Amino acid sequence: MIVRNAWYVAAWADEITEKPVARRICNEPIVLYRTLDGAACALLDSCSHRGAPLSLGTVTEKGIRCNYHGLVFGCDGACVEIPNQDIIPKKARVARYPLVEKDQMLWIWHGDPEKADESMIPDYPFHDDRENWPHIHDMMPVKCHYLMLVDNLLDATHLAYVHPASVGGSAPSVHMVAKNVLDATDNGIKLSRQMSNAPAPPVYNNCVPFPGMIDRWQNFEFIAPAFVIQYSGGVEAGKDRATAGAPRFDMRIFHALTPETDTSCFYFWSTANGHETDNPAATDMIDSEIRKALAEDKVMVEAQQERINEFGEDWLVDNKADAPRVMARRAVAKMMQRQNPD
Amino acid sequence: MAEERSFEIQLARSQQTYTIPADKSIIDVLYENGINHPISCEQGICGTCIVKVLAGEPDHRDSILTDDERNREGQFTPCCSRAFSERLVLDI
Ligand code: FES
Ligand code: FES
Ligand SMILES: [Fe+2]
């Protein structure tokens, strides 16, 4: 289930330089690079001459040069130079993909370029708000279908089993009895969970020691097909979340899942620190703690994908707690259906 | 939770009518009568059992259908949902 007429994160803006990067996105090999003027470009990673990958090429003043026989292509995919030849055939061009730089990410469009509407790109102003939300970002390749990570993010019941030592905390019952509010939106779902008088999970305590029990919240917004915007935190039990001072924990995570193939994806995430904004060590701490949790998820979902490859999904039976992920997948299916009606 | 009440369902395709007693689900009764309507979670989560309501007033108990899907498209999960009206006509 890969929606083509959609924006996906192709890369963090700071990952891409004049040195070309090869990345398979939505089952197509793409080369990402910047021109010498700094504009980011995305082309099919295969030269129109003899098919060699352009990602083995070099960015020059005129464009990206294929390092097999020297053809040069502009950002629009048209060949602009063929060594020792005056005629440049009209057909000498490679597919280009609309690519937009926004909120420190490069967003790629795989569908019909005519339909690439930049207003469909989700807004995430926190990446540029270094003052109030200093953050750290990264990417990790994961060998699973991208929606399995959406499932994972919207499923709180795994916290107790996969993440007891990180974001979960050790009491499964806390997650099971949490109050969930689940709403459909125009393009996804919103899920909020409140846990009152709960023990602070290890990550929270490592970042901000809490003397006792806390009131926790976790808010997730899923935007189809591939984004989860998370805001989590906690204050001392009984305190008002809007006004409570330290000790408190405030964390925003942006999750973008980009399909690589039908059974693999790129997981782009950022973790932002909202409780100790002038302390870079606190930002680092959140990053290193969340990294641990993501590594725990990776082990499980990759192993799960292997079984799904073998036995399929049709026989699987959902739990009550699967409602958010089922709604999320229905939102993706609807988006898909709107694009290819019949 | 309030006491459940019994109601009737009519299957539009076969024109058969069944009574759903207070202590059974629509799916329970269908299975007892040899109608193996597709199911999986049996609690309004997965959407496997979704059917259209053609007449009657459904009492939705699922956790996944949007208002639009329920009210405009008439989608309904017979594994867990019931009826406010005496009779429900389902597109089965
Ligand atoms: S308990 Fe969920 S996969 Fe086994
Ligand atoms: S069987 Fe899952 S919703 Fe009815
Ligand atoms: Fe997880």
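What percentage of the 92 residues of chain B count as buried? In this predicted model, 47% of the 92 residues of chain B count as buried, where buried means under 20% relative accessible area, exposed means over 50%, and partly exposed lies in between (1.4 Å probe, protein chains only). In chain A, 53% of the 342 residues count as buried.

Residues are numbered from 1 along each chain as its sequence is written, and chains are lettered from A and ligands numbered from 1 in the order in which they are written. Because the model is predicted, local features need pLDDT of at least 70 and side-chain atom pairs count only at pLDDT 80 or more, while totals for chains, interfaces and linings use all residues, and side-chain values use heavy atoms, with hydrogens and water left out.

**Chain A as a whole**

- Chain A has seven helices and 17 strands, these being DSSP runs numbered from the N terminus (helices are H or I of at least four residues, strands are E of at least two).
- The radius of gyration of chain A is 22 Å, close to the 20 Å given by the globule rule for 342 residues, so chain A is as compact as a globular protein of that length; the radius is taken over C-alpha atoms, and the rule is 2.2 Å times the number of residues to the power 0.38.
- Along its principal axes, the C-alpha trace of chain A spans about 75 × 50 × 35 Å.
- Among contacts in chain A between residues at least 6 apart in sequence, 57% join residues at least 24 apart, a contact being heavy atoms within 4.5 Å.

**Buried places in chain A**

- Helix α1 of chain A (residues 146–154) has nine of its nine residues buried, so this helix is largely enclosed by the rest of the structure; among them are A:Y146, A:D151 and A:N152.
- A:D287 is found in helix α6 of chain A (residues 280–311) and is buried, with a relative accessible area of 9%.
- Leaving aside residues up to four places away in sequence, A:D287 touches A:I136, A:W269 and A:T271.

**Chain B as a whole**

- Chain B contains two helices and seven strands, and from the N terminus on its elements run β-β-α-β-β-α-β-β-β.
- The radius of gyration of chain B is 12 Å, which agrees with the value near 12 Å that a compact globule of 92 residues would have.
- Taken along the principal axes, the C-alpha atoms of chain B fill a box of roughly 30 × 30 × 25 Å.
- Among contacts in chain B between residues at least 6 apart in sequence, 53% join residues at least 24 apart.

**Backbone features to check in the model**

- Most residues other than glycine have a negative phi, and most peptide bonds are trans.
- The peptide bond from A:A224 to A:P225 is cis, with omega near 5°, and A:P225 is placed in the loop between β14 (214–223) and β15 (227–236) of chain A.
- The peptide bond from A:A246 to A:P247 is also cis, with omega near -5°, and A:P247 is placed in the loop between β15 and β16 (248–261) of chain A.
- A:C26, a residue other than glycine, has a positive phi near 50°; A:C26 sits in the loop between β2 (21–25) and β3 (28–34) of chain A and counts as buried at 4% relative accessibility.
- B:E42 likewise has a positive phi, of about 60°, although it is not a glycine; B:E42 lies in the loop between α1 (26–32) and β3 (51–55) of chain B and counts as partly exposed at 47% relative accessibility.

**The contact between chain A and chain B**

- The contact takes 13 residues from chain A and twelve residues from chain B.
- The two chains bury about 920 Å² between them, 54% of it on carbon and sulfur atoms; buried area is the accessible area (1.4 Å probe) that two parts lose on being put together, summed over both.
- Two salt bridges are counted between chain A and chain B, a salt bridge being a side-chain nitrogen of Lys or Arg within 4 Å of a carboxyl oxygen of Asp or Glu.
- One of these joins the side chains of B:E69 and A:K334 (2.7 Å, N to O).
- On the side of chain A that touches chain B, β12 (179–185) and α7 (323–339) of chain A each supply at least two residues, and the largest share, five residues, comes from α7 of chain A.
- The residues of that side of chain A divide into seven nonpolar, one polar and five charged, where Ala, Val, Leu, Ile, Met, Phe, Trp, Tyr, Cys and Pro count as nonpolar, Asp, Glu, Lys and Arg as charged, and the others, Gly among them, as polar.
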